[in-house]
Amino acid sequence: MQTEGALARGREIAARVESFVRERIVPYEHDPRLGAHGPAAELVAELRELARAAGLLTPHILPDGCHLTHRETALVLRAAGLSPLGPVALNVAAPDEGNMYMLGRIATPEQKEHFLNPIVEGRARSAFFMTEPASGNGAGSDPSMMKTTAEPDGDYWIVNGRKAFITGADGARVGIVMAKSPEGATMFLVDLPHPAVRIVRVLDTIDSSMPGGHAVVAIDNLRVHRNQILGESGLGFKYAQVRLAPARLTHCMRWLGACTRAQEIAADYAVRREAFGKTLIEHEGVGFMLADNLIDLKQAELMIDWCADVLDTGASAISESSMTKAAVAETLFRVADRCVQVMGGSGVTGDTIVEQVFREVRAFRIYDGPTEVHKWSLARKIRKEALQRLSP
Amino acid sequence: MQTEGALARGREIAARVESFVRERIVPYEHDPRLGAHGPAAELVAELRELARAAGLLTPHILPDGCHLTHRETALVLRAAGLSPLGPVALNVAAPDEGNMYMLGRIATPEQKEHFLNPIVEGRARSAFFMTEPASGNGAGSDPSMMKTTAEPDGDYWIVNGRKAFITGADGARVGIVMAKSPEGATMFLVDLPHPAVRIVRVLDTIDSSMPGGHAVVAIDNLRVHRNQILGESGLGFKYAQVRLAPARLTHCMRWLGACTRAQEIAADYAVRREAFGKTLIEHEGVGFMLADNLIDLKQAELMIDWCADVLDTGASAISESSMTKAAVAETLFRVADRCVQVMGGSGVTGDTIVEQVFREVRAFRIYDGPTEVHKWSLARKIRKEALQRLSP
Amino acid sequence: MDFAYSARTEALRAQVRRFMDDYVTPAIPRWQSDIEAGESHPRCIEELKELARAENLWNLFLPGLRADEPGQALSNLEYAPLAEIMGRVVWASEVFNCSAPDTGNMEILHLFATPQQREQWLQPLLEGRIRSCFAMTEPDVASSDATNIQTSIRREGDEYVINGRKWFISGAAHPHCKVAIVMGVSDPDGEPHRRHSMVLTPLDAPGVSIVRNIPVMHHLSPEGHCEIVFRDVRVPAANIIHEEGAGFAIAQARLGPGRIHHCMRSIGQCEAALELMCGRAAERRTFGRPLHQHGVVAEWIALSRIEIDQARLLVLKAAWMIDQYGAKAAAREIAMIKALVPRVQTAVCDRAMQTFGAMGLSNDTPLASLWTWGRVLRIADGPDEVHLRTVARQEMKAASELRAAVVKSRAS
Amino acid sequence: MDFAYSARTEALRAQVRRFMDDYVTPAIPRWQSDIEAGESHPRCIEELKELARAENLWNLFLPGLRADEPGQALSNLEYAPLAEIMGRVVWASEVFNCSAPDTGNMEILHLFATPQQREQWLQPLLEGRIRSCFAMTEPDVASSDATNIQTSIRREGDEYVINGRKWFISGAAHPHCKVAIVMGVSDPDGEPHRRHSMVLTPLDAPGVSIVRNIPVMHHLSPEGHCEIVFRDVRVPAANIIHEEGAGFAIAQARLGPGRIHHCMRSIGQCEAALELMCGRAAERRTFGRPLHQHGVVAEWIALSRIEIDQARLLVLKAAWMIDQYGAKAAAREIAMIKALVPRVQTAVCDRAMQTFGAMGLSNDTPLASLWTWGRVLRIADGPDEVHLRTVARQEMKAASELRAAVVKSRAS
């Protein structure tokens, strides 16, 4: 738990981010360069130029390379998320934000210089090649079933495998590829595009906020120098854990921002639109949906802040972030669903961001671990604790 | 938001309360003196003697008459609530706890001496005579429709009316009676029992934790001296507001404690009991219910702490306490319902407190404002804010 | 396909409704005051039974009722809407000799009773002279998996010796309750589904003790949900039902129609709760308008109507399937309604209680008691989860057969 | 009461199912590639239409179809299960000349068309030579309250002059779509329910412009959900449907059977989604066992089956009521299914998507698209809230009549 005083820095940045997003980024929400697979590269560059000029690019990483605390990050990313374009514009979007976090903690100075800095500067996008196709008994979201291999070859490693749902792979300049070496799971840093890393196809999915969309990727005889191993061979899962809880949480922060804005839009609509002789919000069916949203948004915020506090103590927060991710994804989906319903016909068109937020949050209930996987691990934790209580 | 340091006092008291409740009070949970209308007076006295001996009676009021902060109170009342008998034993139960809070802030020194001190000392119970019968178009939960009257008669007032659902009226020694004087709503302090204040009947309700149950009361020509007016004539609703948000919140705290214990009991049951070849908790249907509870309990806790923080700033927290009361009552009911389901047949018997907690929390969704009344006022707040946003 | 009740059903519905209006509803205050006076079997019941039998509204639940047995034989589909009407008053079924658990017990005996069992137990049950209970659930094991049942039924010469503990034995506290059908293990080493047997056990046999009448959700039923201990209870070997090892199969068979009855009674209770809710919503005003003009209350009313009508149709379809194809073919539908209807009942009653505010928590309306009873039904006779598991298994089986058929038809 | 489909219905179900298996399903890839190539009316449709018409699987939705009109006349109850089968492939209804909004339009014209209107529009529609759209919803007003409709239809001599903006006009982008039935205000000072009229408006009339095909939930329908502007559009006065001021009444009447069709198609989509879910649950393993052995997935399968079966029964009952007593008598049931079925569809599809994990978010299965379509249906044609309001009003009315009857019978 952090005092108000300690959060002042984060509040100040968040306030600037909020004004910037509302004034400069929101007008781009109907830009024709927004495609089914996310905003086009040219649009991303244009938005980032605005953020750079405002001194707000990558606002959660300080000039000395330190990150804001997780609680401060929550304030900033919520503000960035007020538009689905905000996180991309400010360079706090997935997967770059999580990748920067992990590289900042594990990469060598040379690796940082070559791979991390361009991402931090908003000049390069990155992708995290972990998930594998479910068909053919690949890993899906279960990392222990990974089939991609890395075999040593002198100073080099040869990587082969198939990856699926790789967010932002199309157009990324930095790849972090997870493969199984003789020592175990290992991460390799790769310059992209690379002829051995082939985008098989970019999926058409219901979400559309992330540049490059989600790709199926084939890796055939990718040759990587051993200097490009992130950390040590065999410790890939350990590093993934470093990224895991914070990255779950930053998704929650961004989508909380988006749903907060959706609620504003829905409330504004409901006080203007009339039906059956009164404004929509005066109909209890509508007013109660918005009241439920008010409560749900507050609960999501409190869960995020709580989990951020735990992370700021230095704990890994594995189960806290599971609780938070499962609760926040489901809660925000209900919020977005109600906003759609309040908006009626306008809610299912692209005329406001409500429709997009609804689709995005639906997807969020699945990526970074479906709700059920988190509950499954929470049930195991409860079991373990009850057994300890009964026979200490 | 309060730092860990500032909460140390509350934590220390709460830890002692928790041990006391678990070790000394829980064994009374099958006491035959627990009736349909709450624990009998003799049992209450016996439990309070234990608390007094342990130095834990009325633990949220310090020897100098000051109260713990609301955040500290949350810690202490959660611990007290771990048994449905805990709050009564420790003298932090409704309605006494809220009455002590209000009297501590508004009563004159003489009134405190006569009416407040016996309650603080756990020697007297009190009742708050506000709600009126719904039939005959009485007030129900809408205080502006109050029909009980107070007419001046020299130095005295004559009070006449009908009250309903008066918790703890049967057996109370201190009554706070709300009536409409020519100046408006007014509160009168009354010594009970009193021949003019007649318990018409004590209702059979689904809850059973509160001594004296809930009574229908007839007040006929009750004569009260003007010294017994609480504060000023006509300011009754203002004083009720003083009590309102904190009393809502302490209900949330106590029932959070009770549901926390119900979850422990259900989890312990689920790791021991077997069905279809494995323990219950290994069945996902059961494990997921307990995981949902883990999340819900955390959300309830966070809402309570947030609202307590707002109260501790000195704000009236009317809408924050509406959000919290509505959210926590519904959330805890789901928790209790799942505990019943996990426990199977045992869950619907009195063999554990799970069954009682389920009934109590069902009632909590209605008293202190049904969930829908809170949502109704939240919807109005949203409307007001949206209108301000649109035409500032 | 036809959604209208048959002419015969409509006539019976009118008759039962009239009987309820003329005799049962007016007797409620007498019943209530007898119960409050500690009477476990209010006197009005026997008077009403005579009236019902005189109108031949008797044993309506038993499709196989023989011509020489009292009452009239109805199909499950014909009986279901009558059970709905009876269900509106919790104790009314007994008046028509249609109350659980006797109905299920009579069904079993009708199928399997020896001439001696028939004379000793079935005939008095059909005539409403005695009542019975069904002793299956045990406190120490998850009894929704019937193979877990542990009570021992050991053969010794010409007798069976019963040892074990049962709970939630409904009806055992009724003063007319004379016999229990006890399920237990007769062959501990047998194949799991052939291990159990059922024996008729007189409640006055030495060694049978009713330990307590368990308050369920804080409510003490006059007929009881009892905990019973059987200690070295000896019954004649002739008291076995059907044959040794048949216990599990009989238990399975027993459940179908009984669940239809329970569910239809619950539907009747839902209708009663919805009527109360509508009445309250019409009369009571808050914030300047009647409750039914508050959108949330209107929505509760609408959702309740939708849920009730859907649930009724599914229960009726299950009844129709039992009539047409037998209880086994209707196993999926029976599991569906058992998982569904108690949820609907608790949802509808919960909304009705909320509409009544604090009054909904009191016994001034029947809602709190209906609601808690609905909550119990989500657990009694197998918790929701067990029935959903059955439905899922059947669905997976059907889906895999369908996929196989598609593959085959493409190959051909 | 009988829950079996009639022999005729069973035969037709088998025939339609076979037609789908033999012709429609195999054409899906061709349809898909045509659509991806930008074709708004894939060629396979016209081929399939000829085959369907040859089998007389044509105009099955219209109970009043005359002997001299193409196709066969079925009751709503007979057609409903066929709509369920057709609904499994989103574009299949057109093959049988049973697609919305033409079905509703043909119904109206069948009732009200003048001989000239019949020849010019109804006959080509019945023969599947043209298509039509229904222009009611407006962006600027809450159109679920039809009295809000603002488009002006002004009489000028022998013509009507139409001015207004409509949106979500389904089918308007279909290349064969030739005519819109436009609802608008013809008598602004009239009594609210007599203010509106409907006129047949050719889409090629000067002043009609299709402003855009609105992507709905990020999905661009080839047939379109269009925004259309009418600016000083002139049509002959003879294009009025029925009479001036009849617009509101016709709009009400049009909705009943159309909602049955929509709902039954949705039920078919639920069945398709459940099949996919079961298939995935059988094949995919996580944490060491197949998904269907994970309790939560099994529960989803069971709940989906229960919800689908209940919803189907309620839709069939509504169809039966329309056949037996007319759409007006079935108004409550129609509102119930409109509020219910889209919720069931989104719930079932949502679970199926969750079972597929990330793949469920992609177009590699039809689930995401079915789910978003179900979500749209919770708003299109009146949001849930409006229909629940209707149900609640009917229920309050029924309950108050019942209370009055009880009071009266007690008094007598």
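Let's start in the middle. The largest nonpolar core has 533 residues, and the ones that touch the most other members are Leu290(A), Leu290(B), Val315(C) and Val315(D). A nonpolar core here means a set of buried Ala, Val, Leu, Ile, Met, Phe, Trp, Tyr and Cys residues joined through C-beta atoms within 7 Å. Buried means that 20 or more other C-beta atoms lie within 10 Å of a residue's own, with C-beta atoms placed from the backbone.

This is a predicted model, in which local features need pLDDT of at least 70 and side-chain atom pairs count only at pLDDT 80 or more, while totals for chains, interfaces and linings use all residues. Residues are numbered from 1 along each chain as its sequence is written, and chains are lettered from A in the order in which they are written.

What does Val315(D) touch, leaving out residues up to four places away in sequence? Its partners are Ala80(D), Ile260(D), Cys263(D), Met264(D), Ile267(D), Ile337(D) and Val341(D). (Two residues are in contact if their C-beta atoms, placed from the backbone, lie within 7 Å.)

## Chain A as a whole

Chain A has eleven helices and twelve strands; these are DSSP runs numbered from the N terminus, with helices being H or I of at least four residues and strands E of at least two. Its C-alpha trace spans about 80 × 60 × 45 Å along the principal axes. Of the 392 residues in chain A, 60% are buried.

## A kinked helix in chain D

Helix α1 of chain D covers residues 7-36; at 1.5 Å a residue its 30 residues should span 44 Å, and the end C-alpha atoms are 41 Å apart, which agrees. (The expected span is 1.5 Å times one less than the number of residues.) At Ile28(D), shortly before the proline Pro29(D), α1(D) has a kink of about 40°. That bend is the angle between axes fitted to the seven residues ending there and the seven starting there.

Buried in α1(D) are Leu12(D), Val16(D), Phe19(D), Val24(D), Ala27(D) and Trp31(D). Their cover includes α2 (44-54) and α3 (76-87) of chain D. Just after α1(D) comes Gly38(D), with a positive phi of about 95°.

## Where chain D meets its neighbours

Chain C puts 41 residues in contact with 41 residues of chain D. On the chain C side, α7(C) gives the largest share, 15 residues. That side divides into 27 nonpolar, five polar and nine charged residues. Nonpolar covers Ala, Val, Leu, Ile, Met, Phe, Trp, Tyr, Cys and Pro, charged covers Asp, Glu, Lys and Arg, and the others, Gly among them, count as polar.

With chain B, four residues of chain D contact four residues.

How values were computed
Buried ≥ 20, exposed ≤ 12 C-beta atoms within 10 Å, placed from the backbone.
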